[in-house]
Amino acid sequence: KFEPGERLLTKFGLILHGLKSIGEKERQPMQLRFDIFFERAVEFVPLDLTKLRSPLQQHWLRLKLSDSLLDLIRRLVADGSYARTCAAAEVPVPTPWPGSGWEFEGDVPWDLNLLRSGDASEVWTYQTAQGVCYALPRKDGSGAFELAGVICQSKRTGKACFWDNLARGTTARIAAPPLDVANMQTGATLAENCTNCHRGANAFLVTPGTPLSRVAHEPDVRYTPIGQASWVNPPTSRPRTGAANSCTRCHELPALSRSFCDRVLSAAAQRTMPSAAAPVGWFTPRGSFAAHVRELRESCDALPY
């Protein structure tokens, strides 16, 4: 008799096994949806991955799911070597938050929060001579974390590392302080690909005129993520629109992805860019950037779901 968490993990293993049997072109959009759903779903069924029982493993062998399940488990169980890899690339590895070295920069209001998760997002920074880290705890009405990621980037190398508030070795979210990267899921294990949104000149998603923009965060070279093989920072997106009337007049735009369009680009155009006081708009763009935004929306609409 298997526990609910064991049954859920087995079901995900069956789905992943099926995805591996189809062609790469057909699998990519389905894999993206699977990865996001997997990471969000498993947090609701706590499961200690360090204590998987022998009968469960034998069941997976009979179903020929062992390889697929091991892939999923590797995503969920953090590896201490990740922090060492980050440190070797001159990426700052922060102390537990809140604590020594962390500075509170202020709150990003809910209406300017691109993900619109939780209440106002707290912005904390951790700076060293090597670079800067951001922590953005987003809390629900009870004060528990809905999301609480940490991203750190080296100024000299441009390398960036990612942590999320999924507890090491389990499927549960860390809902309260402290946030210690030694106990958090890492870019080497997360199911969700952070670089679908965090792409461009630097690793951060910065809303102008908010506490996110108070700290210098541009690396000396274009950023490179430290994560899984599928984690990449794609080239710059080159607009057809004249440079004088394009968003790239002020900053780089990375190659588009479905997640970047849905979570970042459309929300920024609708609410924060070029300013929160006068956003260009996404569905009915206006002003000098309207032509470029219409071009971007057409490109986004052509991307597969």
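Select Cys197 to begin: its sulfur lies 8.6 Å from the closest cysteine sulfur, in Cys194, which is too far for a bond. A disulfide here is a pair of cysteine sulfur atoms within 2.5 Å. Cys197 is buried at 10% relative accessibility, where buried means under 20% relative accessible area and exposed over 50%, with partly exposed in between (1.4 Å probe, protein chains only).

This is a predicted model, in which local features need pLDDT of at least 70, side-chain atom pairs count only at pLDDT 80 or more, and totals for chains, interfaces and linings use all residues. Residues are numbered from 1 along each chain as its sequence is written, and side-chain values use heavy atoms, with hydrogens and water left out.

Next, select Cys86 and Cys161, a disulfide with sulfur atoms 2.0 Å apart. Cys86 sits in helix α5 (residues 81–88) and Cys161 in strand β5 (residues 159–167), so the bond ties together parts 75 residues apart in sequence. Helices (H or I, at least four residues) and strands (E, at least two) are DSSP runs, numbered from the N terminus. Cys86 is buried, at 0%.

Move to Cys133 and Cys152, joined by a disulfide with an S to S distance of 2.1 Å. The torsion about this S-S bond is about 110°, so the link is right-handed. Both Cys133 and Cys152 are buried.

Now select Cys261 and Cys300, whose sulfur atoms are 2.0 Å apart in a disulfide. Here the torsion is about -75°, so this disulfide is left-handed.

With bonded cysteines counted along the chain, the disulfide pattern is 1-4, 2-3, 5-6.
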